[in-house]
Amino acid sequence: MRARYGVPLGITAAGAAALAYAAGFEVRSFRLRRVTVPVLPPGMRPLRVLQVSDIHMVGGQRKKQRWLQSLAGLRPDLVINTGDNLSDPEGVPETLDALGPLMEFPGAYVFGSNDYYGPKLRNPARYLMERATGRHGLNGNAPAVGVIHNPWEDLRDGFDAAGWANLTNTRGSLKIDGYDIALTGLDDPHIKRDRYAEVTGGPREDADFSMAVVHAPYLRVLDAFAADRYPLILAGHTHGGQLCIPFYGALVTNCDIDPERVKGLSTHRAGGHRSYLHVSAGCGTNRYTPVRFACPPEATLLTLTPRDRD
């Protein structure tokens, strides 16, 4: 009897322990990733950019709110929010409260699909199927039916009132310590709201530095930004894979980027040019899948430094 049932019981126990860890500890084990990126013009002073992404706020998430508030202690030069702030139609006030101290700093934002629409319960195995077939979001799948519409306008108004630049298929700029920082953003490619034709043309020649911002790092968007010679692209959306295999990594990315670049700093090449790409693993989850494994929630402090002289 032991030989017959010992292995299945052991596997069951290990699976239960892993689930308890993923749902009870790691999903609330917030981390700060620190990255140095050599992208600034020679002679420019370093800039400290705090990227927050995929908060997926649900009412009552006090630890997450306190942690986000505490990030203001980093005193960044600017804050970039790469979307998916909500996972609850009632979550706007708590999101704005959590980000309130950060909105004292110059900042900019784009939205993700979960800012516009409430989440739906879905079989997690669908992410593996979408990875295998190359169908993600509205990029190959049928439009969602009966979705909840989130009050994204209230979120937008709160960010705008704080002076954060709305980069929805448009360009913006921030003055940081006398430097002119140009920003080019897109709406969420995951639900086909990106309109690159409205922002094409590459970085502003008269700016001290330019960067690109988008929620979901779809290859068509990364190709366009890199071909237009943006030195740095910031994105989120992937949750770093969310449920990863230790010493192996992510199984899915929820878009068409490869799993090797699902989070952290990498590069992207297109049109004979190379851009640095940073993908945030984000600090939240869909309210229906509140687990993380081998992929703790995070924000990132990017220190931009001068590149080598050409």
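A nonpolar surface patch is a group of nonpolar side chains joined within 5 Å, made of residues with over 30% relative accessible area and no salt bridge. In this predicted model, such a patch is formed by Leu128, Ile245, Tyr248 and Leu251, which together have about 410 Å² of accessible area. One of these residues, Leu251, is located in the loop that runs between strand E11 (249-250) and strand E12 (264-270). Leu251 has a relative accessible area of 38% and is therefore partly exposed.

The overall fold was examined next. The protein chain contains seven helices and 14 strands. Its C-alpha trace spans about 75 × 40 × 40 Å along the principal axes. Among contacts between residues at least 6 apart in sequence, 78% join residues at least 24 apart.

The cysteines were then considered. A disulfide is a covalent bond between the sulfur atoms of two cysteines. Zero disulfides were found in a search of the whole structure. Cys255 takes part in none, its nearest cysteine sulfur being that of Cys295, 13 Å away. For Cys295, the closest cysteine sulfur belongs to Cys244; the distance of 4.3 Å is too far for a bond, because a disulfide requires sulfur atoms within 2.5 Å. Cys255 is buried, with a relative accessible area of 0%, and Cys295 is also buried, at 0%.

Charged pairs were also identified. Side chains of opposite charge can pair when their charged atoms come close. The whole structure holds twelve salt bridges. In one of them, Glu298 meets Arg33 with an N to O distance of 2.9 Å. Glu298 belongs to strand E14 (residues 298-306) and Arg33 to strand E1 (residues 31-40), so this pair ties together parts that are 265 residues apart in sequence. Glu298 counts as buried, at 5% relative accessibility, whereas Arg33 counts as partly exposed, at 24%.

Asp187 forms a salt bridge with Arg193, with the closest N and O atoms 2.9 Å apart. Here Asp187 is buried, at 3% relative accessibility, and Arg193 is partly exposed, at 27%. A further salt bridge joins the side chains of Arg220 and Asp194 (3.0 Å, N to O). Because Arg220 lies in helix H7 (residues 219-227) and Asp194 in the loop between strand E7 (179-185) and strand E8 (209-213), the pair ties together parts that are 26 residues apart in sequence.

Conventions
Residues are numbered from 1 along each chain as its sequence is written. This is a predicted model: local features need pLDDT of at least 70, side-chain atom pairs count only at pLDDT 80 or more; totals for chains, interfaces and linings use all residues. Side-chain values use heavy atoms; hydrogens and water are left out. Patches are made of residues with over 30% relative accessible area and no salt bridge: like charges are joined within 9 Å, nonpolar side chains (Val, Leu, Ile, Met, Phe, Trp, Tyr) within 5 Å. Accessible areas come from the Shrake-Rupley method with a 1.4 Å probe; for residues, only the protein chains shown count as cover. A salt bridge is a side-chain nitrogen of Lys or Arg within 4 Å of a carboxyl oxygen of Asp or Glu. Helices (H or I, at least four residues) and strands (E, at least two) are DSSP runs, numbered from the N terminus. Buried means under 20% relative accessible area, exposed over 50%, partly exposed in between (1.4 Å probe, protein chains only). Contact means heavy atoms within 4.5 Å.
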